[in-house]
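User: Hi! Could you walk me through how the helices pack in this one?
Analyst: Happy to, let's take a look together.

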Amino acid sequence: MSGRILSIQSHVVQGYVGNKSATFPLQVLGFEVDAINSVQFSNHTGYGSWKGTIMNSTELDDQIKGLRDNDLLKQYSHLLTGYIANESFLRQILEVVKELKLVNPNLVYVCDPVLGDNGKMYVPKELVPIYAKEVVKVADILTPNQYEAELLTGMKIASEEDAVRVIDHFHKEGVKIVVLSSTDLGSDDELISFASIATDGKHEMYRITIPCIRDTFTGTGDLFAALFLAWTSKTDNNVKVSLEKTQASLQAVLKRTMEHAKSVAPSGAKLYPRYLELRLVQSMDIFLSPPEMCKASRIR
């Protein structure tokens, strides 16, 4: 199964984050992708210097109005949202969700609540309560990392039991599928990811252990959310298979990216952001046929 996705997240001229990270893999997997860029920057902010513009809520409303006037909104099977820079834009997203679900009650809203990672916030703190109290309640699939899940729930994740409690909190808020895209609950060289689906009062929850590549990649969360959207659609919400294929694809892309970075960086030099841009075009084969390297185990 494929479909047409309205993807609202960041864009960069050079490199791969946001819509640049999500669009190509989704297209390779058979989806039409219509992108609205919440910001348009020269490069991602990890470079330390960047230029560009931030879309405001009025401009977003104008884009949606254009689609509405041409009777195009009903074509969307999915809405995917990622990096959002301010409160008014996020509140306008809520209006977009409401309208898209009105014209297509079967629309799936995949929310990647991009707030931060590793204890550092990327966005104004005022966005947290809007996500926690309003956006989460209308999301069908939620893909936070550990830090984002802690911010949204006010709960610390120090054990698998904590992760389960956080996931259950999101289910109680109405989210059908919850994924903790990465947690530091594993050993020093491992990360653990969780995925859970709640249907008709029943829960299936899985965990998967993945190798941790110790370097700073950008756009991985955006890629994760896009791939998970694709595989849940293709497998009729089989979260075990979707988690396995998503993580296997992501790990293979990171491995290929690291190999390339080491081949082009001067010998002994630090791997600067320009060397670590995700090798997406060169990974089309991975997206089409993910390696069988990650197996998820059921924990509930």
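User: How do the axes of helix 5 and helix 6 cross, and within what distance do they come?
Analyst: The axes of helix 5 (residues 146-153) and helix 6 (residues 160-172) cross at roughly 60° and come within 11 Å. Axes here are lines fitted to C-alpha atoms, for helices over the stretch in contact, with angles from 0 to 180 degrees between N-to-C directions. That makes helix 5 oblique to helix 6; angles under 35 degrees count as roughly parallel, over 145 as roughly antiparallel, 65 to 115 as roughly perpendicular and the rest as oblique. One caution: this is a predicted model, where local features need pLDDT of at least 70, side-chain atom pairs count only at pLDDT 80 or more, and totals for chains, interfaces and linings use all residues. Residues are numbered from 1 along each chain as its sequence is written, and side-chain values use heavy atoms, leaving out hydrogens and water.

User: Which residues of helix 5 and helix 6 meet?
Analyst: Ala149, Leu152 and Thr153 in helix 5 meet Val166, His169 and Phe170 in helix 6, with contact meaning heavy atoms within 4.5 Å. By class that gives 4 nonpolar, 2 polar and no charged residues (Ala, Val, Leu, Ile, Met, Phe, Trp, Tyr, Cys and Pro are nonpolar, Asp, Glu, Lys and Arg charged, the others, Gly among them, polar).

User: OK, next pair. At what angle do helix 1 and helix 7 cross?
Analyst: Roughly 30°, with the axes of helix 1 (residues 18-28) and helix 7 (residues 220-234) coming within 8 Å. Helix 1 and helix 7 are therefore roughly parallel to each other.

User: And who makes that contact?
Analyst: From helix 1 there are Gly18, Ser21, Ala22, Pro25 and Leu26, and from helix 7 Asp222, Leu223, Ala226, Leu227, Leu229 and Ala230. They divide into 8 nonpolar, 2 polar and 1 charged.

User: What about helix 2 and helix 3, which residues meet there?
Analyst: Ser57, Leu60, Asp61, Ile64 and Arg68 of helix 2 meet Ser88, Phe89, Gln92, Ile93, Val96 and Glu99 of helix 3. This contact has 5 nonpolar, 3 polar and 3 charged residues.

User: Zooming out, how many helices and strands does the chain have?
Analyst: The protein chain has 9 helices and 12 strands; these are DSSP runs numbered from the N terminus, helices being H or I of at least four residues and strands E of at least two.

User: How much of the chain is buried?
Analyst: Of its 300 residues, 51% count as buried (under 20% relative accessible area; exposed is over 50%, partly exposed in between, with a 1.4 Å probe and protein chains only).
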